[in-house]
Amino acid sequence: MTEPSARVVPTCFQELILTLQDYWARQGCLILQPFDMEMGAGTFHTATTLRALGPRPWYAAYVQPSRRPGDGRYGDNPMRLQHYYQFQAILKPSPTDILERYLGSLEAIGIDTSLHDIRFVEDDWESPTLGAWGLGWEVWCDGSEISQFTYFQQVGGIDVDLVSGEITYGLERLAMYLFDKKSIYDLPFNRTDSEVPLTYGDVFLQNEREQSAYNFEHADTDMLFRHFADAEKECGRLIERRLPLPAYEQCIKASHTFNLLDARGVISVTERQSYILRVRDLAKACCETWLATQTAKKAA
Amino acid sequence: MAEFLLELLSEEIPARMQTRAAEDLQRLVCDGLKGAGLDFGSARTFATPRRLALVVDGLPATRADVSEERRGPRVGAPDQAIQGFLKGAGLASLDLAEKRDTGRGEFWFAVIAKKGGPTAEVLPGIIEAAMKALPWPKSMRWGSGTMSWVRPLHSIIALFDGKVLPGEVSPGGDMMPVRFGATTRGHRFLSKGAIEVAGFNDYVARLRAAHVVLDPAERKQIILAGAEKACAAAQVTLRSDEALLEEVAGLVEWPVPMLGTIDGQFMDVPPEVLTVSMKSHQRYFSTARNDGTFANRFVVVANNVARDGGATIVGGNERVLRSRLSDAKFFWDQDRKLTLEERLPRLRDIVFHARLGTQADRVTRLEILAEKIVPHVPGADLAQAILAAHLSKADLVTGMVGEFPELQGVMGRYYALEEKLPAAVAEAIGDHYAPAGPSDRCPSAPVSIAVALADKLDALVSFWSIGEKPTGSRDPYALRRASLGVIRIVVENRIRLPLGKFFEADDLMAFFADRLKVQMREKGVRHDVVDAVFALGGEDDLVRLLARVEAVQSFLATEAGRNLLTAYGRAANIVRAEERKDKTLSARIAGAPDEALMEQNEEKAVYAALAAVEQRVGPALASEDFAGAMAALADLRAPIDALFDKVTVNVSDKPDLRLNRLKLLNQIRATMDKVADFSRIEG
């Protein structure tokens, strides 16, 4: 049973996070912390990719900083970032009332469904690098995409035992919608009546400028190519040692390194596909090795 | 007579799948009913974003006993066949089968009696079988289950004659079965709790009260009427878009069309961009002012009756549109900072096809082709055509086309106009993908024609050269469309293009011929006439080829034409019959007949007529006066009729005379075949 929340409707970015954490905690989710490595989306967190596999139930929610080097705009574009936050909830196996629970989270963050138009628009999700796909929707609020909802069918090329319902909120976009801001940088990070009120721009604008310069101009591509090769090799070695968790971290590293190289424009169109396939092979091997540990434990 | 009502309630079904799924459900259930020997009145299905519903009227409450006969193998057939028959018919031994003489021998027959009984007993099985067989384009599992459906299934109404049918569908795993019942849910936000229904009419009424319009046709009608009314009040008109209407009707259970306003700062962005952005990202309808130009209002269809009358929804949609159009305007402003020429180097990074190089390579080929085509297009300026080909693909590396691929060409045209390039060049860039289908407009300006032809001929020749030819079911590079495009451009603009100069492969010409035949058949041209002209071979000028087809067809519509065809048939039949008897004959009658051997005036008259006709047909064909050639042929009719009346060809006692007469008949055939292969015309 869920307990009533003491939380009030959020008025700033951090309250949005707190409210979602509180809400999903009351739905029985573990509240985990971000994975401490660079990754392109919350799905890469072991709490989703690996835990989606195997026969054990798993409810978890967490914020994941997500890095997409190619999306950097030097802080000039009010709606695009190379570093942003996703809030992710994963419920495995997906409960029958998962959509109602999701709609409850919208009410919790202040979206009144008697005033707004909420729609579930077909959007099938696929991650070529993770060898994962699922069916679901983009959720629209008055025409704005505020979440992604996916029922995982395959991860690492493996059919899942139990289907996870995965809900991803793009926090900045959602906050812009909730707090009616035209620029990400104008979002209140904490309450405007705080002792030290700060905006998203106060916290991250400089980071966007510098990281964009790094991503597009200064990243040492020779070094990155070496890092990719090293991570790929290390991942393979760890798979042989049947250590899927450290191996998977190398896979994440390879994936992010590829994204950086891609942003630097040093990977041609034809090479691109082969890099994606190389990462996918790593992810697949990690998932298979992880799954073996899960099944083995269950049998014991 | 009783009614059967079925509703399958699930989470949101993709709009594009709803119509087909409803049709499939109806087909599968109706097949099941027929298979169970049940007659019924009518069956109807409906789909909303969350439900498929089916109602069947006029079912009997009980099924009569039926007996089905099955014919087995011949009496005395091998044991394997007998066993198969027994197993299929559910018989334990041949003692239970009957021997019957069918007139073609004795066969085994099985008479399978099916007990009748309450209709309600067979319906659950029919529902389950239909659900198993329903072919969703993509389906999924959920929870711990193993069942596949388009999205998680929540409830099933299965009522027969007002009573719930026994049965359930189990998703598998640890999940609760979905039991057949009489309850459903209404609108996701405008209705609370379960709704119990007694029958179809009650179901429709209760759904309506719960803010669900069951019938998609009615939802469309509500959207159109509401949108038009809102537009009229704002003095604009709705731009109809049937595909969008269909999709939007599949996104809402309770449609509420509302009018929003496009921020004025975006109105200088090309209207095509605004329309595509609104449609593909937001599913908004665009509107037009009274003079037909793009208006600054849009129609959004909400799925909710908001307590503030929709002000928040409209405001939210206007806001999201602003951010969408900011992107579009950003691209429009950014893209114009570079000229199309300056963008060209980036085409080297875009692979057109792994074995056909990059888009830059493609552009080089288009320039060469355009140069070759221009001399055949009256009024086309060579420099302009080459420039247009040169820049035709540059918009592929603009931000706008990256975001909206469907605007390729359209944006190139705008950017070319912004650069003040010659209008003909801009139009050619904009037109060069056209026609994209039978209903698309066909380029008609000379430079556009040249570049549009180059684009399609390059695709055909290039893919042909690497063996990527279309097959019956697979045409991934849309080469059929490319060839139909060439045909339309050439024929509609009467371009005298010798296609043979552009490709070496014979089978590519044959591919064109097939497309042309299909197209002409669709236009009502007789296929045998088309065949007769195509059989001549060696013709690569489609305009000339069609002129000839038309002339032959009109000739055959006249009495003279029909009679001459009959005469041709008689001549050909006699020659063919003799040729069959004597294999050496063909070679011996190939040449001209000898006038000195002719005995009767009718022979001489035909001979003279043939000579005269040949004199006229040759020049007429050379000057493409096909009507003239036909008129000349018409002169053959009277002498040939007289020949068949008075002259016996196969004079058995005079071999030389016979041979000469066969030569004469053969000559008739040869002369006429210069115009078309008349042997292919069906009488």
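## Strand pairing in chain B

Strand 16 of chain B and strand 18 of chain B (residues 294-302) are joined by six bridges in the antiparallel sense, where strands are DSSP runs of E of at least two residues, helices are runs of H or I of at least four, and both are numbered from the N terminus. B:Met258 has B:Val300 in strand 18 of chain B as its bridge partner. This is a predicted model, in which local features need pLDDT of at least 70 and side-chain atom pairs count only at pLDDT 80 or more, while totals for chains, interfaces and linings use all residues. Residues are numbered from 1 along each chain as its sequence is written, and chains are lettered from A and ligands numbered from 1 in the order in which they are written.

The four strands of an open, antiparallel sheet in chain B run in the order 15-17-18-16, two strands being paired if DSSP finds at least two bridges between them. Strand 15 (237-238) and strand 16 (256-261) of chain B each have a single partner strand, so one side of each is left without a neighbour in the sheet. Helix 8 of chain B (residues 311-335) packs on this sheet and touches strand 16 and strand 18 of chain B, contact meaning that C-beta atoms, placed from the backbone, lie within 7 Å.

## Helices 20 and 25

Helix 20 of chain B (residues 559-581) packs against helix 25 of chain B (residues 655-673) at an angle of about 125 degrees, with their axes 9 Å apart; axes are lines fitted to C-alpha atoms, for helices over the stretch in contact, and angles run from 0 to 180 degrees between N-to-C directions.

Definitions and conventions:
Two residues are in contact if their C-beta atoms, placed from the backbone, lie within 7 Å.
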